[in-house]
Structures are given as structure tokens and as C-alpha cells.
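This report describes selected parts of one structure, which is shown below. Please look through it before reading on.

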Amino acid sequence: MAKELPMKSRMLMYFENRDMWDYEAVDAILKEEGLSDSEYWRFTARFWLAELSISGLLEPLEEDVDDGSHFAPGKMISKYRLTEYGLQAIDSMLR
Amino acid sequence: MSELTADKAAIISAQKKARVKWGFIWALLTAVMWGIGYVPLQAIWGIEPLSVLYNFENPDSGYLVGSYLDAFVQAMMFGLILTAVWAGATGKLREYKRVITNRKILKWLFFGALCGGPMAIFGSALATGYIGATFAASVSLLSCVVGALVARVFNHEKFSIKAIIGIVVIVVGGVIILNPTDMIDNILHPASDGNVLLGYLGAFMSVIGWGIEGNLSIRALNITDADASLPVRFFIEFVFWCIIMLPLLLVIVGPDKFFDCMAQTFSSVPFLFWMAVCALSLGFCYAAQYKAFPLIGVGRTLCLCNMYVPVSMIALFIFLGQPLNILLVVGSVIAIAGTFVMYWERGNEVSGGEVDG
């Protein structure tokens with residue numbers, strides 16, 4: 001059942017367990033979906049996290065600069081935490 | 001937050017600025033495409049079958065049936081074209097399937113589509129047909145107010161002082177757009193071609209419908225990719241038209257007229273062509289708007305996208321020679337100013353973590 005959820009929903013659910021850096025969540029979803037080699041999906045998955053943050057389901061905790069091992073050197077990376085509103089969305093729509 | 005070195009802080013700040021720039025580009029593209037989209041929406045009233053529909057019987061029911069067909073074909077084109085072109089080209093058909101088969105997510109898109117489609121798009125088509133596209137475009141600015149009121153009631157969102165002032169300003173603009181003395185006069189002494197009361201009713205439906213839709217659909221859009229869930233939203237609206245709205249029309253107008261209308265609609269290549277153009281340009285707007293949200297925030301995106309109203313007035317003036325109505329111009333400028341008061345936030349109020357374009 002869980003695997004059949006939309007990818008963005010799956011990513012939101014990762015944050016139930018712990019706070020994560022964006023690249024950790026992106027790596028996890030792409031591995032799960034077998035899309036690890038695709039730049040397009042890396043970008044897309046990172047964009048979903050930004051959307052989740054702007055709509056208040058996640059909140060940013062920390063920012064840093066990528067040393068090149070995640071997205072590209074000099075890119076901004078963010079660490080997020082699940083919000084109360086995010087947990088409500090999971091409880092009401094994703095279980 | 002841990003302390004960043006000055007170098008890193010500078011890099012992050014530069015990237016955030018670049019994102020804001022891209023967000024503005026997406027939002028302004030939305031406004032331009034959306035405004036121009038009103039040209040084909042108005043122009044289709046001049047080509048078959050809509051141009052002949054209101055001649056074959058009395059004008060009242062002709063316009064009504066025309067608006068009905070207009071809204072139906074819009075739903076069909078949006079549903080089919082966006083599914084195939086948008087979800088297909090972005091590689092998100094698998095996501096599409098996951099959204100459309102998930103009942104808890106689909107529920108919100110379905111009720112959103114009901115308010116947005118048979119209520120708002122049909123209402124807006126009525127307002128366009130009976131009164132005109134510039135009026136229909138301007139009046140839909142008021143849906144911001146309905147959206148905020150609905151959010152207040154259902155999500156218990158508190159109004160800030162800024163929001164209250166914004167709402168008051170939008171309503172003042174709305175009163176000028178609706179021009180109550182003119183409206184009452186038009187309703188009491190309708191011009192010969194059609195009953196404008198239905199146009200005002202349609203405008204009312206579009207304001208309420210779009211106001212509610214945002215609050216329902218957003219729950220599904222929050223947790224899905226808009227490139228997949230927006231096509232789903234339009235596809236289920238199309239299905240709803242097929243199984244509920246069209247049979248209803250069949251009952252209302254009778255089988256003879258119904259099949260006559262259908263035959264005329266689907267044999268008119270120019271009509272279908274222009275509706276496909278609408279679906280592509282307006283469909284692009286939806287997608288572009290969702291690209292802008294995480295880059296500059298929801299509030300600023302909505303404000304900028306509302307600039308579609310002046311764009312539509314200019315486009316309708318240039319392409320179709322529709323005269324600029326000074327009251328509509330003044331009213332919509334005030335209403336747009338109200339949306340800026342209500343939604344505009346400073347750059348540093350937008351939560352972080354946006355992605356560069």
C-alpha cells in the first residue's frame with residue numbers, strides 16, 4: 001500500500017521518523033523508486049520538499065552549502081522537520 | 001540554527017535572490033498567459049456552434065446551452081490534453097495513476113473540481129456569454145475574499161489586520177466592478193438579446209466556486225505533484241460532466257436539441273481548435289503558478305497572478321476590439337491593490353528551503 005502513494009506523499013512521511021537533510025530524503029525516494037540516476041528526478045524531488053516547506057507541512061531547521069557530494073557544489077542544502085500541520089495531513093490522508 | 005561562515009551565508013543569500021527572480025518570472029508568465037487566454041474564451045462566442053446556438057431558439061436558452069457546452073468542452077480539453085501532454089511530457093503518468101487511485105486524495109480533488117468546474121467555470125462562461133469576458137475576468141478577483149472566508153470558517157484561520165484591510169479594499173473594488181446601480185437597471189430592464197440576470201448569477205457562481213475550490217484542492221495538492229494532480233482534477237471534472245451534467249442537459253432541452261448541439265459542437269473544427277488552445281495556455285498557467293509558489297511564496301504568487309485581469313483587458317482590446325470599460329479598470333485596480341495588502345509578504349517572511357529554478 002505504502003509504495004503506491006504518490007512520491008511526494010512518501011517523502012513527507014519520511015520526516016515522521018526523524019529530521020532529515022533534503023539530499024537524504026531525495027536519495028531515499030529515488031532509491032526506493034529505482035530512479036537514482038536521473039538528474040531530472042533529483043531536481044523534482046528537491047522541489048517537492050520546497051513545496052512541502054512553503055505549504056507549512058515541513059519547516060526548515062538548518063541551511064548549509066553543498067560541497068558537491070549531493071546536488072552540485074555551491075548549491076544550498078536544507079534540513080527539515082515535520083510540522084503539526086504536516087502530521088495532521090499524514091494522519092488524515094495518507095494512512 | 002548553527003552559525004554559517006560569511007562565505008556560505010553569502011552563497012545562500014545569492015541563491016535565494018535567484019529563486020525569487022525565477023518565482024517572479026513564473027508568476028508573471030502565469031498572469032500573461034491567463035490574461036491572453038480570455039481572448040479565445042470570448043472569441044468562441046463568435047464561431048459555430050456557439051454563434052448559431054443562440055439564434056436557433058430564443059436567445060436566453062441559447063446562451064445557457066452555449067455556456068453549458070463551453071464549460072463541458074473546456075473540461076474535456078483540459079482533462080484530456082493536460083493528462084496526455086502535461087502529465088505525459090513531465091514523465092508523471094505513474095504519479096497520475098497513484099493520485100487517481102487513492103481515494104483519500106481523490107476525494108478532495110473531486111469536491112474541488114465540482115466547485116471549480118460545473119459551478120465556477122460554467123458560471124464564468126455564463127458571465128462571459130451574457131455580459132462579457134472583461135467583466136467575467138474582473139469579477140473573479142472577488143474569489144480571494146470568499147476563499148479567505150471559507151478558510152476562516154473551516155480551517156479556523158485567524159484574520160490578521162492586514163487581511164481584514166485587504167478584504168475591505170477588494171470588496172470596494174468588487175462593488176465598482178459590479179456597479180450595483182447599473183446591475184439593478186440591467187436586471188430590471190434587460191436589453192433585447194438575453195437575460196443578463198443569468199450573467200450576474202454566473203458571476204456569483206464563479207466567485208463562490210473558485211473561492212471554495214482552492215480550499216478543497218489544496219489539501220490534495222499539498223501532498224502530491226501538481227503536474228499529476230491538476231490533470232487528475234480536470235479529468236474527474238470531465239467524467240462528472242459526462243455522467244451527470246450532460247444527461248441533465250438532455251432532460252432539460254430534450255433529445256432532439258441535445259443531439260443537434262452535440263453534433264454541431266463536435267463537427268466544428270475551429271471551435272475545438274480554439275478550445276484546445278485555451279486548454280494549453282490556461283493549463284500552462286496552472287502549472288507555472290505551482291512552480292512559483294515555492295519560489296516566492298503563495299501570497300506573492302497570487303498577487304502577481306491576479307495581474308491577469310489588466311492583461312486580459314488589454315488583450316481583449318487589442319485582439320477583439322473590446323472597449324475598455326473605465327469602471328471595470330478602476331474596480332479591478334482597486335481589487336488587485338487589495339490582494340496585495342492581503343497577501344504580500346516581505347522576502348524574509350517566506351519560509352526558507354525554496355529551490356532555485
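## Helix 8 of chain B

How many residues has helix 8 of chain B, and what span does it reach from its first C-alpha to its last? Helix 8 (residues 161–178) of chain B has 18 residues and reaches 26 Å, close to the 26 Å expected at 1.5 Å a residue; the expected span is 1.5 Å times one less than the number of residues. Helices here are DSSP runs (H or I, at least four residues), numbered from the N terminus.

This is a predicted model, where local features need pLDDT of at least 70, side-chain atom pairs count only at pLDDT 80 or more, and totals for chains, interfaces and linings use all residues. Residues are numbered from 1 along each chain as its sequence is written, and chains are lettered from A and ligands numbered from 1 in the order in which they are written.

Among the buried residues of helix 8 of chain B are Gly166(B), Ile170(B) and Ile177(B) (buried: 20 or more other C-beta atoms within 10 Å of the residue's own, C-beta atoms being placed from the backbone). The helix is followed by Asn179(B), whose phi is positive, near 50°.

## Helices 1 and 15 of chain B

The axes of helix 1 (residues 6–43) and helix 15 (residues 308–320) of chain B come within 7 Å and cross at roughly 45°. Axes are lines fitted to C-alpha atoms, for helices over the stretch in contact, and angles run from 0 to 180 degrees between N-to-C directions. The two helices of chain B are therefore oblique to each other (angles under 35 degrees count as roughly parallel, over 145 as roughly antiparallel, 65 to 115 as roughly perpendicular and the rest as oblique).

Key: Buried ≥ 20, exposed ≤ 12 C-beta atoms within 10 Å, placed from the backbone.
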